[in-house]
Amino acid sequence: MFGQTSTTTTTPPPTERGLEDLDAAALAYAARIEGLPPERRQEARDDLVRFALPFAGRLARRYRGRGEPLEDLEQVARLGLVNAVDRYDPERGSFTAYAAITIVGEIKRHFRDRTWGVHVPRRLRDLILEVGQATAALTSELSRAPTVAELSARLETPEEEILAALESAAGYSPASLNAPVGGESSAEFGDLVGESDNALESVDDRVTVSGLLHRLPWRERRILAMRFYGNQTQAEIAARFGISQMHVSRLLSRALTWLRQAMLADAPPAWQNGAAEPDPGKTRISVKQNGDRVVVEVGGEVDRDGADQLRRAMLEAVTGQPSEVVVDLVGAGGFDAGGIAALMAGRDAAERTGVPLRLTRVQPAVRRSLTAAGLAPARD
């Protein structure tokens, strides 16, 4: 209308920017957006943000040198500035003070949420900053790194808290598990970290079973080892011992049943051979006179307990100066080191007295053991 002039409040030009005109620019922005449509308000908002960017940059630079790149801090400060512009209310006071509080709060939140690799109490984090500043000052004064006692005296803080702060500072930026160990090795730190051992819970069971296995007869122990450690079939085991596959199956079933019962009992039960068949594992020695020769019949498993019995029987047979001593091993299922030593003792005694000694009717599995020990059985 005639006689009226139109006035528009604008943001000061860039050449007039400074700390003293941020409040004026904010007031001009608030007056400018009054009555403007939303699309025009966005333009005014962008002008104020660009005008205040140097202010946000100065606040960000106060926190440089604390382990975070300056570019990241400036980005966080700009985010705080945008939030301050969006929430600004002229009736609540100075925009400069409000923007400073908002920007600094965003920067501190960034340090709290994005930098510390582990949770550290705020009191301790503040002490870490003080220790860092005191360390720099004392290093300049003393021309060397300060001791914990010197830091404690400068900050008037107990040495225990100084040590806690120094140790906790390592949690600010922990090393990555994917970082190389060093040198020419391709290993990473994560490769040096132990993992949970899923088999740890079975250690007690393994130790218990190991002790119980020694209570089994030699043949049962051998069959279990061949089946579960050697991965041999029942048919292969039967061929090694010269028995039927069904017999091997019965021996395995009986041994495993006894082991399960012994594992669950406070005291291992006695080894039961069953009433249906005699114990094939018990050492059986019998000496028979057949004319002018002596036949020593051996049955069962000749282990440490039966070795002395076999040794005495062979020595007595040789001492009688027969024309020949025949050791019949048709019923022998196996020999351990003690049993083989007993046979060797009988052989040596026969050689000293000049009595012929012959091992006959040897099972295939036993023949291999005796041949390996230098006791060549006669071929039947």
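The model is predicted: local features need pLDDT of at least 70 and side-chain atom pairs count only at pLDDT 80 or more, whereas totals for chains, interfaces and linings use all residues. Residues are numbered from 1 along each chain as its sequence is written, and side-chain values use heavy atoms, with hydrogens and water left out.

**Exercise 1. Describe the second largest pocket and its lining.**

Step 1. A pocket is defined on a 1 Å grid over the protein atoms alone, as an open set of points where a 1.4 Å probe fits, with protein on both sides within 12 Å along at least five of seven lines; lining residues have an atom within 4 Å of a point.

Step 2. The volume of the second largest pocket is about 310 Å³, a volume being the space filled by probe spheres set on the points, which are joined across faces, edges and corners.

Step 3. Its lining consists of R206, V209, S210, L213, L224, A225, F228, Y229, L256, L259, R260 and M263. Two or more of the lining residues come from each of α8 (203-213), α9 (218-228) and α11 (245-264). Helices (H or I, at least four residues) and strands (E, at least two) are DSSP runs, numbered from the N terminus.

Step 4. Sorted by class, the lining has 9 nonpolar residues, 1 polar and 2 charged.

Step 5. F228, one of the lining residues, has R227 over its face, at 5.9 Å from the ring centre. The criterion is that NZ of Lys or CZ of Arg is within 6 Å of the ring centre and within 35 degrees of the ring normal.

**Exercise 2. Which residues have the most contacts inside the largest nonpolar core?**

Step 1. A nonpolar core is a set of buried Ala, Val, Leu, Ile, Met, Phe, Trp, Tyr and Cys residues joined through side-chain atoms within 4.5 Å. Buried means under 20% relative accessible area, exposed over 50%, and partly exposed in between (1.4 Å probe, protein chains only).

Step 2. The largest core has 29 residues, and L81, V85, F95, I103 and I107 have the most contacts inside it. At least two of its residues are supplied by each of α1 (22-32), α2 (38-61), α3 (70-87) and α4 (95-114). The largest share, 9 residues, comes from α2.

Step 3. F95 counts as buried because its relative accessible area is 1%.

**Exercise 3. How many aromatic pairs does a search of the whole structure find?**

Step 1. Rings of Phe, Tyr and Trp (its six-membered ring) pair if their centres lie within 6.5 Å; planes under 30 degrees apart count as stacked, over 60 as edge-to-face and the rest as tilted.

Step 2. The search finds 1 aromatic pair. Y88 and F95 form this pair, with 5.1 Å centre to centre and 80 degrees between the planes, and it is edge-to-face.

Step 3. Y88 is buried, because its relative accessibility is 13%.

**Exercise 4. Is V325 buried or exposed?**

Step 1. V325 belongs to strand β3 (residues 324-335). Its relative accessibility is 1%, so V325 is buried.

Step 2. Between the C-alpha atoms of V325 and R358, 33 residues apart along the chain, the separation is 6.4 Å.

Step 3. L359 is in strand β4 and, at 8% relative accessibility, is buried. Its C-alpha atom is separated by 6.3 Å from that of D328, 31 residues apart along the chain.

Key: Nonpolar A, V, L, I, M, F, W, Y, C, P; charged D, E, K, R; others polar.
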